[in-house]
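Here is a friendly briefing to read alongside the model. Please keep the viewer open as you go through the topics.

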Amino acid sequence: HEAGIKAVPVIPNVKLAKRVAAAGADALVAEGMEAGGHIGVLSTMALMEQVIPAVDIPVVMAGGFADGRGLAAALLMGAAGVQMGTRFLVAEECQVHQNVKNKLLAAVDTDTIVTGYTLGAAVRGLKNKFSQDFVAKENSGNTSKEELIKMATGTNKLAAVDGDVEYGMVQAGESLTPLKKIEPVKDIIESIIKEARVVLQQAGQVRL
């Protein structure tokens with residue numbers, strides 16, 4: 001704040017949302033477990049229903065958003081906006097390895113898996129040789145925490161930079177079917193906004 005920078009922390013539950021709001025955060029990102037990468041234990045919908053009314057600062061929702069329908073839903077729930085990650089991994093401008101983009105485009109809705117629950121650092125990514133072997137060893141109870149950490153170290157770079165999508169960790173969220181092609185960021189954003197406007201207009205026509 002002293003440097004004129006906005007503080008927008010990422011939180012996984014109501015308790016932390018209230019804490020960062022009280023500490024002077026300008027806004028916050030509430031991220032559900034549908035997100036790629038490091039995740040908490042609450043779903044995006046549960047967070048929207050509980051975090052948004054609990055604080056008086058803007059709430060940006062994250063976790064599982066990939067199209068205009070998701071954006072419209074969040075706005076109707078009172079969110080200030082959404083944060084999308086996986087959708088932009090297949091943008092032309094994204095420098096992630098082409099193998100990662102190809103694997104994301106070929107993925108379906110059930111193709112993610114969560115590693116690291118027992119380590120207290122859960123990470124969602126695509127199912128592959130590494131992630132499935134990791135979870136199997138993690139759940140067996142026969143592999144130490146140190147061995148698991150060593151096994152995971154460097155796997156993000158292995159996938160994103162080196163292009164090894166079998167033994168590297170391809171971090172990705174659950175909304176995968178909207179990833180249909182590689183296109184410019186401008187086109188992705190415009191299509192999301194266009195779809196959201198249509199959905200919001202239709203929502204206004206619903207009669208309860």
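**Cores, sheets and helices**

In this predicted model, the largest nonpolar core has 25 residues, and I11, L28, A30, V51, V55, V59 and M61 have the most contacts inside it. A nonpolar core here is a set of buried Ala, Val, Leu, Ile, Met, Phe, Trp, Tyr and Cys residues joined through side-chain atoms within 4.5 Å. Buried stands for under 20% relative accessible area, exposed for over 50%, and partly exposed for the range in between, with a 1.4 Å probe and protein chains only.

**Ground rules**

- Residue numbers start from 1 along each chain as its sequence is written, and side-chain values use heavy atoms, with hydrogens and water left out.
- Because the model is predicted, local features need pLDDT of at least 70 and side-chain atom pairs count only at pLDDT 80 or more, while totals for chains, interfaces and linings use all residues.

- A second, separate core has twelve residues, including V100, A107, L126 and V170.
- Leaving aside neighbours within four places in sequence, V55 is in contact (heavy atoms within 4.5 Å) with A17, K18, A21 and L28.
- In helix α2, the buried residues are T44, A46, L47, M48 and V51, and they pack against β1, α1, β2, β4 and α3.
- As background, nonpolar side chains tend to be buried together in soluble globular proteins.

**Strand pairing**

- An open sheet is formed by four strands in the order β1-β2-β4-β5, with parallel pairing; two strands pair if DSSP finds at least two bridges between them.
- β1 (10-11) and β5 (81-83) are at the edges with a single partner strand each, so one side of each has no neighbour in the sheet.
- Strand β4 (residues 59-62) is joined to β5 by three bridges, and the two run parallel; here M61 stands opposite V82.
- Elsewhere, β7 (residues 123-126) runs antiparallel to β3 (residues 37-38), with two bridges joining them, and G37 stands opposite R124.
- Four bridges join β7 to β6 (residues 112-115), again antiparallel, and T115 faces V123 across this pairing.

- The buried residues of α4 (residues 98-106) are V100, K101 and L104. They cover an arc of only 100° around the axis (taken from the directions from the helix axis to the C-beta atoms), which puts them on the same side of α4.
- These buried residues of α4 pack against β7 and α7 (155-160).
- Where does S131 lie? Its place is in helix α5 (residues 129-140), and S131 is buried with a relative accessible area of 0%.
- A polar atom of the S131 side chain lies 3.0 Å from the backbone oxygen of L126.
- Not counting residues up to four places away in sequence, S131 touches I113, T115, L126 and M169.

**The whole chain**

- The secondary structure comes to eight helices and seven strands.
- The radius of gyration, taken over C-alpha atoms, is 18 Å, close to the 17 Å that the globule rule (2.2 Å times the number of residues to the power 0.38) gives for 208 residues, so the chain is as compact as a globular protein of that length.
- Of the 208 residues, 38% count as buried.

Notes: A polar contact is a pair of N or O atoms within 3.5 Å; within protein, one must be able to donate a hydrogen and the other to accept it, and residues adjacent in sequence count only if both atoms are side-chain atoms.
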